[in-house]
Amino acid sequence: MKGGQLVGVRSGGKTEALLAHLGLGGLYGVPREVLLRALWPRSDTALATQALNSLVHSLRRLLGEALRGAAPIVLAGGHYRLNEAAGVGVDVARFRALVGGAEHADRGGETATAVELYKHAVQLYGGDLSAAVGDGARAALERERLRASCLRALIRLAAYAFMHENFDASLAYALELLQHDPCREDAHRLVMRCHVRLGERSQALNHYRTVQAILRSECDLELEQATTALFEQIRLNPDAV
């Protein structure tokens, strides 16, 4: 952002890739050699270094005014990093901080604080980590780590809402989780329970059949015993759910 307005960069371009790599680099940054290999894997080192310098300079022209003349990217000890001290923020770092704060509050019994932080984290999560960081092992692990954090936040929010008898909200959170991971049976069971509490018993029974189809076709799995037991309970004695 610049002056509160979004600054667009070309999707799939070198600027996006550079910012994505630096966004994951944290306070220590990313070694020059790593950036050169990632952004210009088949280029001569001297030419790639020149291109990197040009890219960094163009970002300074673009964002320098918003940072009161400070450089958005800092080079120190052969490592490039985003200039967080000058006000450059990273959504990944913010997301991690929100989830970490929520989990800390959760463990301390500060439920209201945890819920608010989880909500902010889920709102900030805009989907899986950008493909601009590549498909290597490091990117894949970070992508999975962030997704897992989002899923933990969603299941906690769904559970809190259910506990406070806000079944519409609980259902919404559980369904949002299933968009990211359709094989999560704990979320499917929560969906079934929410439908029952909302007076939608037939919908709960239908969802069980949906779970069966999803697990067999997408995950090559059979239903957990707990899911089948819940189905039987809903079928025979829904008031006990």
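Trainee: How many residues does the largest nonpolar core have, and which of them have the most contacts inside it?
Mentor: The largest nonpolar core has 54 residues, and those with the most contacts inside it are L18, L22, L52 and I73. Helix α6, residues 137-163, gives the most to this core, with 10 residues. The model is predicted, so local features need pLDDT of at least 70 and side-chain atom pairs count only at pLDDT 80 or more, while totals for chains, interfaces and linings use all residues. Residues are numbered from 1 along each chain as its sequence is written, and side-chain values use heavy atoms, with hydrogens and water left out.

Trainee: What makes a set of residues a nonpolar core?
Mentor: The set must consist of buried Ala, Val, Leu, Ile, Met, Phe, Trp, Tyr and Cys residues joined through side-chain atoms within 4.5 Å. A second, separate core of 13 residues includes M192, V211, L230 and F231.

Trainee: Why is W40 called buried?
Mentor: Buried means under 20% relative accessible area, with exposed over 50% and partly exposed in between (1.4 Å probe, protein chains only). W40 has 13% relative accessibility, and therefore counts as buried. W40 is found in the loop between α2 (32-39) and α3 (45-63), where helices (H or I, at least four residues) and strands (E, at least two) are DSSP runs, numbered from the N terminus. Contact means heavy atoms within 4.5 Å, and, not counting residues up to four places away in sequence, W40 touches K14, L35, A48, A51, L52 and L55.

Trainee: What makes β2 and β3 a pair, and in which sense do they pair?
Mentor: Two strands pair if DSSP finds at least two bridges between them; β2 (residues 73-76) and β3 (residues 79-82) have 4 bridges and pair in the antiparallel sense. I73 stands opposite L82 in β3.

Trainee: Why do β1 and β2 count as edges?
Mentor: The open sheet has 3 strands in the order β1-β3-β2, with antiparallel pairing. β1 (30-31) and β2 each have a single partner strand, so one side of each is left without a neighbour in the sheet.
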